[in-house]
Amino acid sequence: MSLILQILKTVPFFESLTDEENETVMAHIVEEFYPANYKLFSKGDFGDRMYIIKSGKVRISDEGKVLAELEQGSFFGEMALIEATTRNATAETETDTELFVLKTEDVNSLLRQRPEIGEKIKEAYRKRKAKP
């Protein structure tokens, strides 16, 4: 099983999908490279993609306070796939970093093409929002 498929199965929005459905999602994921100390997004930026760390390290912070340091296999920004909202923190690479990126526009296209996948993702979103 590929690294990206293993990770997708841990993302709440995708964990209920079959391998075939996750492979359909994977077809929309692109790999991007960012150097150390690169600001991926700032608090208040509009969120239009989620990230999965293939290698490297990303720091999530809010007004200078470090909230998390994420490494290979971690994901962040997934709420941007469902909610049209701004980022609530800043993300910056700490080291040279390779990321798998899934854009909201690609997810929306996928949901139109495969409504059954959309229903599973929407149900996972509803469950996640219902948690305190």
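## The sheet

Strand β3 (residues 49-55) and strand β8 (residues 97-103) run antiparallel and are joined by six bridges. Strands here are DSSP E runs of at least two residues, and helices are H or I runs of at least four, numbered from the N terminus. This is a predicted model: local features need pLDDT of at least 70, side-chain atom pairs count only at pLDDT 80 or more, and totals for chains, interfaces and linings use all residues. Residues are numbered from 1 along each chain as its sequence is written, and side-chain values use heavy atoms, without hydrogens and water.

The open sheet has four strands, ordered β1-β8-β3-β6, with antiparallel pairing. Two strands pair if DSSP finds at least two bridges between them. β1 (30-34) and β6 (75-76) are at the edges with a single partner strand each, so one side of each lacks a neighbour in the sheet.

## Helix α3 and its partners

Y51 has V101 as its bridge partner in β8. Helix α3 (residues 104-113) packs on the sheet and touches β3 and β8. Contact means heavy atoms within 4.5 Å.

The axes of α3 and helix α4 (residues 115-130) come within 5 Å and cross at roughly 120°. Axes are lines fitted to C-alpha atoms, for helices over the stretch in contact; angles run from 0 to 180 degrees between N-to-C directions. α3 is therefore oblique to α4; angles under 35 degrees count as roughly parallel, over 145 as roughly antiparallel, 65 to 115 as roughly perpendicular and the rest as oblique. On α3, the contact uses L110, L111, R112 and Q113; on α4, P115, I117, G118 and I121.
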